[in-house]
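Q: I have a chain open on my screen and would like to go through its fold with you. Could we take it step by step?

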Amino acid sequence: MAIPKHKKVTDNVKYWNALLYADSGAGKTVYALKGKRVLVLSIGAEIEGLMSAARLGTDAESIEARTWDELLKVNEDLWSDEGLEWLGENFDVLVVDSLTEADSQCMLYILRKTKAQKLAKDTDPDQPWIDDYGTRNRLM
């Protein structure tokens, strides 16, 4: 019997993923920024949320994306070959603050894109249609 090709499980682990979930203001970002070589992707209103971390002292760096369009551009840049190389050379941890805010920005983006269609059907352009939720899920 031939032994199948095998390797140690630890040879497969290149990155760790973690999700910190708690109420707003619980200290998730402050906790995450205690490490070294940390980059924060700060989204929308959460940009002001870095004040607590700054007051406590951190060497982290940040990229700001105030809108969904900005977030798409940052995402494209970070996942490019050059962006991935830069991330790997300079950071061990990427913090996304926050997914809730990203979700809100995504829905605002969708509402802007569907506004004319909703007005043409004499419906509230600020009220998501059922299809908008599917689009949001796909984009997120």
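Predicted model: local features only at pLDDT ≥ 70, side-chain atom pairs only at ≥ 80, totals over all residues.

Q: What kind of peptide bond joins D97 and S98?
A: The bond between D97 and S98 is cis, with omega at about 10°. In general, most peptide bonds are trans.

Q: And R37, what is its phi?
A: Phi of R37 is near 55°, which is a positive value in a residue other than glycine. R37 sits in the loop between α1 (28-32) and β1. As a rule, most residues other than glycine have a negative phi.

Q: Stepping back, how many helices and strands does the chain have?
A: The secondary structure consists of six helices and three strands. Along the sequence they follow the pattern α-β-α-β-α-α-β-α-α.

Q: Is the chain spread out or compact?
A: It is more spread out than a compact globule, because its radius of gyration is 20 Å, well over the 14 Å that the globule rule gives for 140 residues. The C-alpha trace spans about 65 × 55 × 30 Å along the principal axes.

Q: Now the sheet. What is the order of its strands?
A: The three strands form an open sheet in the order β2-β1-β3, and the pairing is parallel. β2 (61-65) and β3 (93-97) are at the edges; each has a single partner strand, so one side of each is left without a neighbour in the sheet. On average, neighbouring strands are turned by 20° against each other, direction ignored.

Q: How many bridges join β1 to β3?
A: Five bridges join β1 (residues 38-43) to β3, and the two strands run parallel. Within β3, V93 stands opposite V38. In general, strands of a sheet pair through backbone hydrogen bonds.

Q: Changing topic to the helices, at what angle do α3 and α5 pack?
A: Helix α3 (residues 68-78) packs against α5 at an angle of about 115°, and the axes are 8 Å apart. The two helices are therefore roughly perpendicular to each other.

Q: Which residues meet there?
A: From α3 they are W68, D69 and L71, and these meet A102, Q105, C106, Y109 and R112 in α5. By class, this contact of α3 with α5 has five nonpolar, one polar and two charged residues.

Q: What about α5 and α6, at what angle do their axes cross?
A: The axes of α5 (residues 99-120) and α6 (residues 130-139) cross at roughly 135° and come within 10 Å. That angle makes α5 oblique to α6.

Q: Is that crossing left-handed or right-handed?
A: α5 passes α6 in a right-handed crossing.

Q: Which residues make the contact between α5 and α6?
A: On the α5 side they are D103, C106, M107, Y109, I110, L111, T114 and K118, and on the α6 side D132, Y133, T135, R136 and L139.

Q: And how do those divide by class?
A: The contact of α5 with α6 divides into seven nonpolar, two polar and four charged residues.

Key. Residues numbered from 1 in each chain as written. Heavy atoms only, no water. Pairing = 2+ DSSP bridges. Helix = DSSP H or I, 4+ residues; strand = E, 2+ residues; numbered from the N terminus. Axes fitted to C-alpha atoms, helices over the stretch in contact; angles between N-to-C directions. Parallel < 35°, antiparallel > 145°, perpendicular 65-115°, else oblique. Left-handed = near helix turned anticlockwise from the far one by under 90°. Contact = heavy atoms within 4.5 Å. Nonpolar A, V, L, I, M, F, W, Y, C, P; charged D, E, K, R; others polar. Rg over C-alpha atoms; globule rule 2.2 N^0.38 Å.
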